[in-house]
Amino acid sequence: MTVNGWAQILFFLLALGVVTPLVGAYMARVFRRQRTWLDPVLRPLERLQRSVRSRHGQMPEPLDARDVPQEVAPLVDAVNENVAGYRELLERQSQFLADASHQLRTPLAILMTQAGVALRETDTAQLHATLRAMVAQIARSRRLCEQLLSLAHATDDAAATERL
């Protein structure tokens, strides 16, 4: 092959290397503006994307699986199952917190009352009796806190095992 032949091949490859990306970029631009034949396929996916992006920081809700392509439906179903499990976990935690706060409020109210009595007490023997009652109440409250923590850990472990 002559030098002229190599030069023609090199010129052709150079032109192909420069022109191809330019044509590709132009086609991509045109394709983005006029994708009429893909609109019916992409519209449900774009709606799904907007739905997911708009949920930031909100309570998770199942995704709307209407009109999604059948190839994507199993993914949407899996996400919805995950969302349902997450909502259930949040509801259990919320109920646990409500129960725990109620269980702790009563002993704290008793302690507050006993402390008020102790502050007004002038008799040393009565003051010591009130303080002993407060110590006993604190010990019961501590035991209750430990039980609640154990229950929380057991609930978390059970939920983790359930997910497996």
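## Salt bridges

A salt bridge is a side-chain nitrogen of Lys or Arg within 4 Å of a carboxyl oxygen of Asp or Glu. In this predicted model, aspartate 64 and arginine 47 meet that definition, because their closest N and O atoms are 3.5 Å apart. The pair links distant parts of the chain: arginine 47 belongs to helix 2 (39-53), whereas aspartate 64 lies in the loop between helix 2 and helix 3, 17 residues apart. Aspartate 64 is partly exposed at 28% relative accessibility, and arginine 47 is partly exposed at 25%.

The whole structure contains 4 salt bridges. One of them joins glutamate 88 to arginine 92, at 2.9 Å from N to O. Both residues lie in helix 3, 4 residues apart, about one turn of the helix. Another pairs arginine 142 with glutamate 146, with the closest N and O atoms 3.3 Å apart. These two residues are in helix 4 (residues 124-163), again 4 residues apart. Arginine 142 is exposed, at 58% relative accessibility, while glutamate 146 is partly exposed, at 41%.

## Overall architecture

The chain has 4 helices and 0 strands. Helix 3 (residues 73-120) has 48 residues and spans 70 Å from its first C-alpha to its last, close to the 70 Å expected. Buried residues in helix 3 include Val76, Leu89, Pro107 and Leu111.

## Surface and contacts

Of the 164 residues in the chain, 16% are buried. The chain exposes about 13200 Å², and carbon and sulfur atoms supply 64% of that area. Among contacts with a separation of 6 or more, 49% involve residues 24 or more positions apart.

Definitions and conventions
Residues are numbered from 1 along each chain as its sequence is written. This is a predicted model: local features need pLDDT of at least 70, side-chain atom pairs count only at pLDDT 80 or more; totals for chains, interfaces and linings use all residues. Side-chain values use heavy atoms; hydrogens and water are left out. Buried means under 20% relative accessible area, exposed over 50%, partly exposed in between (1.4 Å probe, protein chains only). Contact means heavy atoms within 4.5 Å. Accessible areas come from the Shrake-Rupley method with a 1.4 Å probe; for residues, only the protein chains shown count as cover. The expected span of a helix is 1.5 Å times one less than its number of residues.
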